[in-house]
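Reader: I am new to this structure and would like to learn how to read its aromatic rings. Please start with the general idea.

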Amino acid sequence: MASKELKTFTRDEVAKHNVDGDLWVIIDAKVYDLSRFKNLHPGGAAVLIDEEVAGKDATEAFYGLHKHEVIAKPQYARLQIGVIEGEKSVIHGRVVGELSKVPYAEPTWLTDGYYSPYYTDNHRRFQKAVRKFVDEVISPDAAAREEDGKPPSKNVIEAMAKVNLHAMRMGPGKHLKGLELMGGIVKPEEFDYFHELIITQEFARCGKRGYGDGLMSGSIIGLPPVLNFGSPEIKARVIPDVISGQKLICLAISEAFAGSDVAGLKTTAKKTEDGKHWIINGTKKWITNGTFAHYFTVGCRTDDGFTVILVERGEGVETKAIKTSYSPAAGTAFVTFDNVKVPVENTLGPEGGGIFVMLSNFNHERWVMICSSARSQRLIVEECLKWTTQRKAFGKPLHSQAVIRSKIAAMISRVESVQSWLENITHQMNNMSYKEQASKLAGPIGLLKMYATRSAQETATDAVQIFGGRGITRTGMGASIEHYHRTVPFDAILGGAEDVLGDLGVRQAIRAMPKNAKL
């Protein structure tokens, strides 16, 4: 369908259309005829007439009440009849693939005029490609699935598999050998944890927490034990299906009886008399992606301690969806194992050595969550800076209030410190073996996750205060704030509760205290 031809008007011409039945307005140098729309206006016709915007420039009034995306919707865009002579539109929404120009909306390494010792030109090219992919392929699906609660669409999973994003989200390693990563931008042997950090942070920009977890987050935490501790046969059978997106795997550790207290788990695995199979009984709770997973990486109590075993969905395995405060797109589940028979070859790591398997895995899981938390906080900083610039209070922009500026200053300080600490730890990961990471970084990562999630909750609370009633409304100007405030506690719980992780960090530090250190 051909686009309609837009006419050119002067402001004086527009001013003549200022009564009920003949109502025009100017928004960002564009002329809109609202004569027939006024009675359909969600805010009522009186807002358009009584507020004296008819025939005038309503740009400030519009952006004080609406996001730019509203006017870009087809049903509203078609109301445009022309443009103002000699003037150009200057306001635009997020441009696909582009960096934001809002201060602190991007990490320092992506900000013009700033430098970083960590990122190379390859990282920058990679980031640009991933952002374009996320904006074009993932973000539209995220918005739709967050609303209907369905898992991420199959076409999105397939598109991710085509550029091997699933494989890259598992971190650097041998599993990348021979794969073409992101169209060949980065070679498998060059892929590092900063590349993975970029992927996680670009995904977080979607701002849809439930969908984000549904986008194979279970595989990120469920597959590494297979990658690092599975037998060659298990690896050959499971890994290709998961990194191609054909099958999903989840991590099944937490129970109604125990979460952070891994030693208190009650799910059991007993060997059959011939010693060839495990018989698993028990339940798991709050399992991300559990409702649609094909494989379960399960923590079990065995005669010689704690053991991790790979279980395939089949007879005796049942899953039931758990309702949470974020979207069902995450597939959060209650899982029951009823006399499930599993070959002993499915054991991941040594029997009774599951604690080391999980401690190694927890580091990566928590690091991923920190990456996401840091980037999500930036989204809120950006929203608040935009809102306080365009919103008027007492006749002045909202940021003219010192208390508002103080809140934003705290937000910026928190997100910048989280990102800087995160990049330091990521650099350590790039220079340590998997075993070194497990022994040296568990404490620092635990402390950083505690700090990141507490910072996030403070930022969420401040943002609600800045947005007021809109901050607790699921639609409109404050929709992103409401969603963030409602879902931000997930990061504080999943992967280890804040207090437990803080204590882990301190205990590790105490163990490293030199005996001759005195005041």
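Author: Rings of Phe, Tyr and Trp (its six-membered ring) pair if their centres lie within 6.5 Å; planes under 30 degrees apart count as stacked, over 60 as edge-to-face and the rest as tilted. This is a predicted model, where local features need pLDDT of at least 70, side-chain atom pairs count only at pLDDT 80 or more, and totals for chains, interfaces and linings use all residues. Residues are numbered from 1 along each chain as its sequence is written, and side-chain values use heavy atoms, with hydrogens and water left out.

Reader: Which residues form one aromatic cluster?

Author: Trp-109, Tyr-118, Tyr-119 and Phe-194 do.

Reader: How many aromatic pairs does the structure hold?

Author: The structure holds 13. One of them joins Phe-9 and Trp-24 edge-to-face, at 5.0 Å centre to centre and 65° between the planes. Phe-9 sits in strand β1 (residues 7-9) and Trp-24 in strand β3 (residues 22-27), 15 residues apart; strands are DSSP runs of E, at least two residues, and helices runs of H or I, at least four, numbered from the N terminus.

Reader: Is Phe-9 buried or exposed?

Author: Buried means under 20% relative accessible area, exposed over 50%, and partly exposed in between (1.4 Å probe, protein chains only). Phe-9 has 11% relative accessibility, so it counts as buried. Trp-24, at 10%, is buried too.

Reader: What are the distance and angle for Trp-109 and Tyr-119?

Author: This pair is stacked, with 3.8 Å centre to centre and 5° between the planes. Both Trp-109 and Tyr-119 are buried.
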